[in-house]
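Dear colleague,

I am handing over the structure we spoke about, and you will find it just below. After it I have set out what was found, going from one region to the next.

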Amino acid sequence: WGKWRANEGEITKFFLENSNNSVIYAVEPHPNNFKILSEKFNNLNVKLINSAVGESNGECEIGLEKQERTGGIMQAHILLNKDKDLQKRVYEKKDKVSSIMLSDLCSDANIIKMDIEGFEHKVIYNQIDKIKNLDTILLEIHSWDDLELHGWNFEENDLKKDSLNKMINYFINIGFNKFIPVKKVIKINKDINWNMIELSSYSDNGIKKYYKVLNLIIQKNSK
């Protein structure tokens, strides 16, 4: 099993209670969340890792935030050029953690649950196909109004740059052939794109930001 961005451990607990003799790797970069995980889990079958899943092995800087909505969770985002994250947001609170490539973290995982707030577009490619026993991925795919990165903004859509279409076709090409949408009724195939997904929003320092998201169960060799 693998679980990336474990947050406060709800899914880790679910996997622990619903699997037999499995080892669960729970990865969480945010220091407060990792402290909560360490207090919750004292089990040999749960391996807690205070790291970020990144494009390379080493060290990375992360920006720390707490969602503004009621019950909002604490999150950490890998910072790229000029101290900004993938969405070009700047953070007052920062920290440094180790960065681990997905393919090196758990090379024999058979299930991965991943919700890393858009950074999946940086770590999926050329890593997932190296995990040979992997047959199920629980994945939240994010996008926001960025024509170059995701192929859409409020004025136009560019299918050639559409990050959802690119990702689904990547999975198809490496042998994943079953896509089950969560909370949506939509057919997932090689033609899927962000124009088919409704717009959502959140508040960032009082400013409304817009995004699109799709939760999928992705499986290989459907039975």
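Strand 11 (residues 200-204) and strand 12 (residues 207-220) are paired in the antiparallel sense over five bridges, where helices (H or I, at least four residues) and strands (E, at least two) are DSSP runs numbered from the N terminus, and two strands count as paired if DSSP finds at least two bridges between them. Within this pair, Asp204 has Ile207 of strand 12 as its bridge partner. The hairpin that strand 11 and strand 12 make has two residues between the strands, and Asn205 takes a positive phi near 55 degrees there.

Before going further, please keep in mind that this is a predicted model, in which local features need pLDDT of at least 70 and side-chain atom pairs count only at pLDDT 80 or more, while totals for chains, interfaces and linings use all residues. Residues are numbered from 1 along each chain as its sequence is written, and side-chain values use heavy atoms, with hydrogens and water left out.

A positive phi also turns up elsewhere. Asn21, which is not a glycine, has a positive phi of about 55 degrees and lies in the loop between helix 1 (10-17) and strand 2 (24-27). With a relative accessibility of 76%, Asn21 counts as exposed; the cut-offs are under 20% relative accessible area for buried and over 50% for exposed, with partly exposed in between (1.4 Å probe, protein chains only). Glu117, again not a glycine, has a positive phi of about 55 degrees, and its place is in the loop between strand 8 (111-114) and helix 4 (120-123). Glu117 counts as buried, at 17% relative accessibility. Although Glu117 and Ile141 are 24 residues apart in sequence, their C-alpha atoms are 7.8 Å apart in space.

Four strands form an open sheet in the order 4-7-5-6, with mixed pairing. Its edge strands are strand 4 (51-54) and strand 6, each of which pairs on one side only. From one strand to the next the twist averages 50 degrees, the axes being lines fitted to C-alpha atoms (for helices over the stretch in contact) and the angles running from 0 to 180 degrees between N-to-C directions. Strand 5 (residues 58-66) runs antiparallel to strand 6 and is joined to strand 6 by five bridges; here Leu64 stands opposite Ala76, and the bridge partner of Glu65 is Gln75. Strand 5 also pairs with strand 7 (residues 94-101), in the antiparallel sense and over six bridges, and Gly63 has Lys94 of strand 7 as its bridge partner.

Helix 2 (residues 31-40) has Asn33, Phe34 and Leu37 as its buried residues. They lie on the same side of helix 2 because they cover an arc of only 100 degrees around the axis, the arc being that of the directions from the helix axis to the C-beta atoms. These buried residues pack against strand 3 (46-49) and strand 6 (74-78), contact meaning heavy atoms within 4.5 Å. On the face turned away from the buried side, helix 2 carries the exposed residues Lys35 and Glu39.

The largest nonpolar core has 45 residues, and Ile128 and Phe171 are those with the most contacts inside it; such a core is a set of buried Ala, Val, Leu, Ile, Met, Phe, Trp, Tyr and Cys residues joined through side-chain atoms within 4.5 Å. Helix 6 (residues 163-173) gives this core its largest share, five residues. Not counting residues up to four places away in sequence, Ile128 touches several residues, including Leu102, Ile112, Tyr170 and Phe171. Tyr170 is found in helix 6 and counts as buried, at 13% relative accessibility. Tyr170 and Asn126 are 44 residues apart in sequence, yet 9.6 Å apart in space from C-alpha to C-alpha.

Finally, a search of the whole structure finds zero disulfides, a disulfide being a pair of cysteine sulfur atoms within 2.5 Å. The sulfur of Cys60 has its closest cysteine sulfur in Cys106, 19 Å away, which is too far for a bond. Cys60 is buried, with a relative accessible area of 11%, and Cys106 is buried as well, with a relative accessible area of 4%.

With best regards
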